[in-house]
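Visitor: I have a model open and want to learn how to read its features. Where do I begin?

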Amino acid sequence: MKQLTISDRNLIESFLQLTDYEGYNYNFNSMMMWNHVYHIRYETCDRFLILLYQYEKNFFWMMPLCRPEHYFQAVQRMQVISRQEGIPFVMSYLEEPFKNWMEEKYGDRFTFSFSPDYSEYVYSCEKNRTLAGRKMVKRRNHFNAFLREHPDYEYRELSLDNLDEVRSCLARWERRKETDDTEEDLRSEHRGIMDLLKNFSRLCFSGGCIYIDGQMEAFIIGSALGKDGVEIHIEKANAEIRGLYVAVLKEYLSHNFPEAVWINREEDMGYENLRKAKQQLHPIRMIDNYNCREAQTAKNAEPHGCQAVAS
């Protein structure tokens, strides 16, 4: 299998276009942001692409990147590679339609597990662009307070010209942070952000920044996800400025994704403060993710016609 690199972007995205997945892991920018954690490898075979992640000593497969009619061949290939490499066959981040397909196709040959800690929060783009409606009253009040305090704020697009200011803004946020993330989580996120910024010209993402009195006080980075969604990769703002988080998201969606329908804001990972904050933003639905394990040893022959990209 081939180690995932930024040069694989066009290939990976061509296979992502065959899917209708909505999870944030099925986005090339996310893959590159967290590749230093998961050491992603991939292989193409006929009409599908498969992805193998490694976290410490644990391996797991993602859903195959292909049309549904090629799921079976893709899963067969994953099982073959698992046996060849001597690793348990495990799949993670299975969205419900794929999990249902697995259950229908394989019956009790696989066992499935679910944790709400890894369900992803989905929000309305329109509600966060307009702040209209009863459920948005608190966010609307925060935004109006922001306008009163900072009527001369400026929104600017993320560009090569202000990447250094983004780094400085992030450093200030990290010094002020009040979060229940572990230090390891924060270091890992910091590296992921730096990797995105370093490859700004080679990746397909956009961003926006808010300046107050000439200083960047908030920035946001996102990209298209699925057919009509947006993934927010990073959102940092000075929490001492009321309404700033509301403002930067509102501006970003209005300028960069005026037609998008939904936003994926990722999971809460079981952190109570993060869960409370995400729930208070009124998600319109959740994307539940499942894990899958082989219940018994399968004896599938290797499919014919498979050609790995590299070994």
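Guide: We will take the helix, the cysteines, the spaces and the backbone in turn. Keep in mind that this is a predicted model.

Visitor: How many residues does helix α8 have, and what span should they give?

Guide: Helix α8 covers residues 163-176, which is 14 residues.

Visitor: Which residues of α8 are buried?

Guide: Start with the general idea. An α-helix has 3.6 residues a turn, so residues three or four places apart point the same way. Now the case here. The buried residues of α8 are L163, V166, C169, L170, R172 and W173.

Visitor: What covers the buried residues of α8?

Guide: The cover includes the helices α9 (183-198) and α10 (244-256). It also includes the strands β9 (206-212), β10 and β11 (229-237).

Visitor: Are C125 and C169 buried or exposed?

Guide: Buried means under 20% relative accessible area. C125 has 0%, so C125 is buried. C169 has 2%, so C169 counts as buried too.

Visitor: Now the spaces. How many cavities of 30 Å³ or more does the structure hold?

Guide: A cavity is a space where the probe fits but cannot get out. The structure holds two of 30 Å³ or more. The largest cavity has about 40 Å³ of space. N25, S30, M31, W34, Y38, I40 and Y53 line the largest cavity. Sort that lining by type: five nonpolar, two polar and no charged.

Visitor: What lines the second largest cavity?

Guide: The second largest cavity has about 30 Å³ of space. Its lining is Y123, N128, R139, L249, I263, R265 and L281. By type, that gives four nonpolar, one polar and two charged.

Visitor: And how much space lies in the second largest pocket?

Guide: A pocket, in contrast to a cavity, is open. The second largest pocket has about 360 Å³ of space. It is lined by 16 residues, and the closest to its centre are E13, L16, A224, L225 and G226.

Visitor: Which elements give two or more residues to the lining of the second largest pocket?

Guide: They are α1 (9-16), α2 (28-33) and β10 (215-225). Strand β10 gives the largest share, three residues. The lining of this pocket divides into seven nonpolar, six polar and three charged residues.

Visitor: Last, the backbone. Which residue has a positive phi of about 65°?

Guide: The general idea comes before the case. Most residues other than glycine have a negative phi. Here E266 has the positive phi of about 65°, although it is not a glycine. E266 lies in the loop between β12 (262-264) and α11 (272-280). At 15% relative accessibility, E266 counts as buried.

Visitor: Where is H282 found?

Guide: H282 sits in the loop between α11 and β13 (285-287). H282 has a positive phi of about 60° and is not a glycine. With a relative accessible area of 32%, H282 is partly exposed.

How values were computed
Residues numbered from 1 in each chain as written. Predicted model: local features only at pLDDT ≥ 70, side-chain atom pairs only at ≥ 80, totals over all residues. Heavy atoms only, no water. 1 Å grid on protein atoms, 1.4 Å probe; cavity = no way out; pocket = protein on both sides within 12 Å on 5 of 7 lines; lining within 4 Å. Points joined across faces, edges and corners; volume = space filled by probe spheres on them. Helix = DSSP H or I, 4+ residues; strand = E, 2+ residues; numbered from the N terminus. Nonpolar A, V, L, I, M, F, W, Y, C, P; charged D, E, K, R; others polar. Buried < 20%, exposed > 50% of the residue type's maximum accessible area, 1.4 Å probe, protein only. Expected span 1.5 Å × (residues − 1). Contact = heavy atoms within 4.5 Å.
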